[in-house]
Amino acid sequence: MIKIKNLHAEIEGNKILNGVNLEINAGEIHAIMGPNGSGKSTLASVLAGREEYEVTRGEVELMGENLLDLEPNERAAAGVFLAFQYPVEIPGVSNMNFLKTALKSIKEFKGEKPYTAKEFLQMVKKNQELVGLSGRLANRSVNEGFSGGEKKRNEIFQMAMLDPKFAILDETDSGLDIDALKTVADGVNQLKSPEKSFLLITHYQRLLDYIVPDFVHVLHKGQIVKTGPKELALELEEKGYDWLKEDGVEA
Amino acid sequence: MSMENTEKKDKFLAGLMKNPTADTVGNQQQLREEAYKAIHSLNFPTLKDERWKYTRVAGILKKDFEHKPGDVPESLTGFEIPDYKSDVLVFVNGIFNNELSHVEKQNGIHVLTLAQGKVEHYDVIDKWMGTIADHHSHIFTAMNTAFHKSGVLIYAEKKAIAQHPVHIIDITNGEGVTHAPRNLFVAEDDAGLKITHSFHGDAGENFINGVNEVYLGRHAEVEYQMIQQNGKKSNHIHSTDVYQSEGSTFTSGAFTVGGKLIRNEINVSVNGENCETRLNGSFMGGDKHHFDNHTIIDHLVPLCNSHENYKGILGGKATGVFNGKVFVRKDAQKINAFQSNQNILLSDDAVINSKPELEIYADDVKCSHGSTTGQLDEEALFYLMSRGMKKTDAINLLVNAFTAETLEYVSAEALSNYISALIEKRSDELNNQYA
Ligand SMILES: Nc1ncnc2c1ncn2[C@@H]1O[C@H](COP(=O)(O)OP(=O)(O)OP(=O)(O)O)[C@@H](O)[C@H]1O
Ligand SMILES: [Mg+2]
């Protein structure tokens with residue numbers, strides 16, 4: 001599905017990613033853990049196409065296509081989705097209005113017929129139920145005045161609407177109560193399929209009880225310093241990251 | 001004034017004075033002559049004048065402009081507002097066009113050209129014209145007063161509430177054209193009027209020098225929405241001078257999506273208790289456009305509310321000016337005055353000079369004013385694009401959201417939709433000046 005090779009990225013002259021290598025096959029779920037500031041969100045943003053980050057070396061292929069050449073919206077059309085760690089509030093822009101336009105553009109990009117108004121509404125209803133987002137919120141401005149948990153649910157709602165092939169969830173579990181966590185996990189599990197891949201960024205093993213990853217990676221100073229099975233998450237929760245740093249695994 | 005400047009001024013005025021219009025009924029000719037005298041004692045403003053600090057009119061004065069007829073369009077397609085039922089008065093280069101205009105008769109509401117009004121309602125004109133706009137100290141108002149040819153008189157008798165709005169369409173065509181629309185809107189006690197005024201033009205260089213006088217009697221309501229879709233070489237100076245009596249509500253909008261040099265002045269004298277004054281506007285410039293909004297709300301008496309909200313979006317090398325002055329006079333207690341100007345600069349070369357000003361001489365008042373200028377929200381843009389929106393769509397959506405507040409007081413939905421669509425179209429044009 002996605003191949004990240006020796007990816008280096010910087011912002012305003014600060015080197016944040018220092019050679020990330022990662023390959024995720026279709027149907028797989030990978031988790032990335034790592035200390036604050038290690039570059040997890042940066043990796044997510046670079047994959048989604050945020051312009052502020054400059055890719056200085058390396059390449060990323062999504063289903064054989066060079067991802068780094070694409071604009072963020074083209075990446076969305078190609079099937080990339082990022083659930084933001086900090087979803088943006090956009091006053092005056094209605095959730096529904098923007099999703100409708102976004103879906104229309106994606107369909108247009110793919111050369112497919114747009115959804116009819118009826119189909120769209122049906123999808124909205126179904127997915128709202130899936131993530132437990134009240135219809136009241138869906139009609140408000142994007143994330144404006146949403147609680148932390150509501151914002152995260154809204155991210156999953158949008159993911160369900162856009163039906164991506166490769167979804168990155170950046171700390172979608174942070175700030176969720178246990179019920180919300182289950183709902184979000186259910187949402188992901190229902191979308192899971194042999195054609196889809198997920199990259200979960202998290203600090204907590206807890207999420208991985210509900211969404212079971214195939215691999216767990218540790219990102220440290222912009223590099224993946226360890227990869228292991230789902231049990232690695234438990235070990236990290238117990239021991240923290242210091243033992244990895246001390247190992248001197250840096251390249 | 002230096003010799004050289006006097007010569008320049010005389011030469012410029014000579015162009016404007018060709019084929020003069022004279023009035024024969026009432027005091028109107030006297031008013032013209034008074035204004036004509038004032039012109040000679042006044043100077044054209046320079047950047048040294050506080051009120052014109054950021055707006056240079058020298059470029060206009062260098063050119064030769066004349067009153068001359070223009071091409072009359074075959075139909076109103078492209079000028080009319082879809083689904084907006086209204087009386088329509090069409091002017092081409094300041095000359096009234098009867099064929100394209102239509103007015104439905106209503107009890108107590110009189111909608112006619114100023115020229116016609118000067119004959120049929122000369123008493124109304126004599127009573128109000130020249131009493132609200134200041135032709136004694138403002139040279140452009142003096143020029144309009146002395147040289148105007150026509151315009152519109154809308155007169156609502158006591159208790160007459162217009163059932164539909166009036167749409168004034170001002171089209172300017174050709175090279176080197178000038179005209180000076182002069183409009184008088186009178187709403188007597190308990191009367192109600194809604195007026196939309198749209199400006200359109202071709203690519204020719206022109207100079208429009210307009211004046212509106214608006215009188216609101218006790219408990220009268222007037223809504224005046226101005227839409228400037230001027231051509232790209234249009235110079236347009238427009239003064240709207242308003243007098244509010246007790247319990248009246250004045251609402252105005254200024255939506256500028258065209259033109260080269262635009263200067264809109266609104267001066268509201270609030271001289272009765274329990275009045276509402278709402279001034280809103282959005283201006284969207286690119287290239288080297290210069291758009292200037294100057295407003296004065298003068299609270300002379302207690303117990304009034306004023307609400308002012310202007311938004312600017314500037315790309316390319318455009319300059320915007322916002323100067324909003326609110327006076328609260330001594331003893332004008334319990335005034336609520338809100339004023340805001342927010343701007344988005346799409347490029348590094350765009351400039352805004354924003355100066356909200358409060359001058360308060362009373363002590364029991366609630367006033368707030370603020371001005372912000374920033375870039376387009378990059379995070380929001382990325383967020384929208386990451387969901388699949390094209391960059392242009394995302395920018396348009398953000399621009400529309402930003403300007404939406406200024407449409408809050410546009411009462412007709414068809415009009416509000418029309419203005420939104422213009423804003424979106426303009427946003428599209430400015431997209432390529434986004435850097
Ligand atoms: N715009 C920026 N300018 C300068 N430095 C930045 C910028 N954005 C991120 N950084 C830096 O890059 C580093 C990595 O940040 P990033 O957000 O990717 O970390 P993270 O692993 O997601 O951390 P967390 O677990 O706290 O979310 C941090 O040191 C951060 O300060
Ligand atoms: Mg992060």
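Biologist: Hello! What should I know before we start?
Modeller: In this predicted model, local features need pLDDT of at least 70, side-chain atom pairs count only at pLDDT 80 or more, and totals for chains, interfaces and linings use all residues. Residues are numbered from 1 along each chain as its sequence is written, chains are lettered from A and ligands numbered from 1 in the order in which they are written, and side-chain values use heavy atoms, without hydrogens and water.

Biologist: Why is Gln85(A) called buried?
Modeller: Buried means under 20% relative accessible area, exposed over 50%, and partly exposed in between (1.4 Å probe, protein chains only). Gln85(A) has 16%, so the word is buried.

Biologist: And why is Ser41(A) called partly exposed?
Modeller: Its relative accessibility is 25%, so Ser41(A) falls in the partly exposed range.

Biologist: How do you know that Ser41(A) makes a polar contact with ligand 1?
Modeller: A polar contact is a pair of N or O atoms within 3.5 Å; within protein, one must be able to donate a hydrogen and the other to accept it, and residues adjacent in sequence count only if both atoms are side-chain atoms. A side-chain N or O atom of Ser41(A) is 2.8 Å from an oxygen atom of ligand 1, so the pair qualifies. For a backbone N or O atom of Gly39(A), the distance to an oxygen atom of ligand 1 is 3.0 Å.
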